[in-house]
Amino acid sequence: MEKKKIIIIGCGRVAVKHVKAIKKLSQVCELKALVDVSEDAPAKVLESAKYDPSDVKVYNDYKQAIDEISPDIVAVTVPSGLHYQIAGYALEHGCNLLLEKPMTMSSGESREIYELSEQKGLKIAMGHIYRYFPLVGILREDIKNGVFGKVVCGDISVRWGHGDDYYSSAAWRGTWRSDGGALMNQTIHAIDLLVWLMGSKPVEATSMLSKKVRNIEAEDLGMAVLRMDDGALASITGTTATSDKEHGAQFSVYCEDGTVSLGLYKGKPRLDIRNGKGKKRNLRYIVKQIKLHGISSLTSALNPHHGIYKDFLEALENGRQPVADAMSGYSSVDTLMGIYRSAREGRPVELPLKEDFSSVDMTGFFEKNS
Ligand SMILES: NC(=O)c1ccc[n+]([C@@H]2O[C@H](COP(=O)([O-])OP(=O)(O)OC[C@H]3O[C@@H](n4cnc5c(N)ncnc54)[C@H](O)[C@@H]3O)[C@@H](O)[C@H]2O)c1
């Protein structure tokens, strides 16, 4: 099998995780180029990932890199406001995409990218890291197969504190145009996971946004309720206004005959799976995970990007969709835009959105509502 050629566009914080994942999978893929508008960024990423720079070309123009290398996979790790234009160019030029979240900044643009990938017969793997955590896939199957009975409701609480130093580290952070706030940046993976685990589709969003602590344009706190197409409800809390020493994310799905709770707290996983009688079922699922995917898969939460690349390379080889596919990118942005629109209009909003809504449409939201 020929090694898949990969280029990475955008050499900042998350790109290091991509390079480390590619290095671990060097039997089946190779990093051909890094692209960044900042001259010293590519070298820094290679150094941080301890990657041999000798075979990696460096570009400052993504179009030139795509045209010259014709990569199998383009990894898009630029600020979110640039995803749409780069993803579109790469798809038009025959490349599959590993696209960081959020897919784009608007529901219409995300739908376009999804449809373009379908039309071109190309695949997109989204950077929705939570889908790649251990046990998640097995639990999803069991929820889908009714092991816990009907899904009643779900909730997520993401407390991903970021100080003003994080927001001032790059001009795009916390802006409506290029990033969005705590829901759009830090909570979107969790929303994707909750909807995926519940196995139903959001049909209505109601929300409120707040700016409590951080000096940014968008929200540092958001709460929302989703009504799902099977009548289940999902509640969402996402904030970056809490301490940056205490990152935590909690996901629970409550069913008529059991409960599944997963979480991360300060980098450590948390698990509480119970049957209808309240009996813990954690061990049963850990053993199943080891039997199916090996003991090393239990630590995969430490580098979920490795899971994304491994799955994507297999998906390309076998002609199947990746675990977090193009549809997951589009639908999570559509849900997010419904949440934003509901806050702006002060009313529940029907999903999927019938008209395009962009995070840029939120410009001035807090000024008007203060
Ligand atoms: N899945 C995850 O766990 C995860 C984690 C962090 C960030 N992200 C996403 O990854 C993306 C990047 O985030 P980050 O924190 O690494 O950002 P960053 O600011 O640290 O890095 C972005 C890089 O892109 C470069 N860049 C800007 N414009 C460019 C252009 N036109 N061409 C080439 N390079 C360009 C910048 O110079 C910078 O080096 C965002 O969309 C973010 O939401 C995902």
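The shell around the ligand draws on two domains, with at least three residues from each of domain 1 (4–129) and domain 2 (133–300 + 326–350), where the bounds come from an automatic or database domain assignment. This is a predicted model, in which local features need pLDDT of at least 70 and side-chain atom pairs count only at pLDDT 80 or more, while totals for chains, interfaces and linings use all residues. Residues are numbered from 1 along each chain as its sequence is written, and side-chain values use heavy atoms, with hydrogens and water left out.

**The ligand's surroundings**
- The ligand is surrounded by 23 residues, of which the closest are Val14, Asp36, Ser80, His83 and Glu100; a residue counts as near if one of its heavy atoms lies within 4 Å.
- By class, this shell has 10 nonpolar, 8 polar and 5 charged residues, with Asp, Glu, Lys and Arg counted as charged, Ala, Val, Leu, Ile, Met, Phe, Trp, Tyr, Cys and Pro as nonpolar, and the others, Gly among them, as polar.

**Polar contacts (N or O pairs within 3.5 Å)**
- An oxygen atom of the ligand lies 3.0 Å from a backbone N or O atom of Arg13, and for Val14 a backbone N or O atom lies 2.9 Å from an oxygen atom of the ligand.
- In the side chain of Glu100, an N or O atom is 2.7 Å from a nitrogen atom of the ligand.

**Backbone details**
- Most residues other than glycine have a negative phi, and most peptide bonds are trans.
- The peptide bond from Lys101 to Pro102 is cis, with omega near -10°, and the bond from Leu351 to Pro352 is cis, with omega near -10°.
- Lys50, although not a glycine, has a positive phi of about 50°.

How values were computed:
A polar contact is a pair of N or O atoms within 3.5 Å; within protein, one must be able to donate a hydrogen and the other to accept it, and residues adjacent in sequence count only if both atoms are side-chain atoms.
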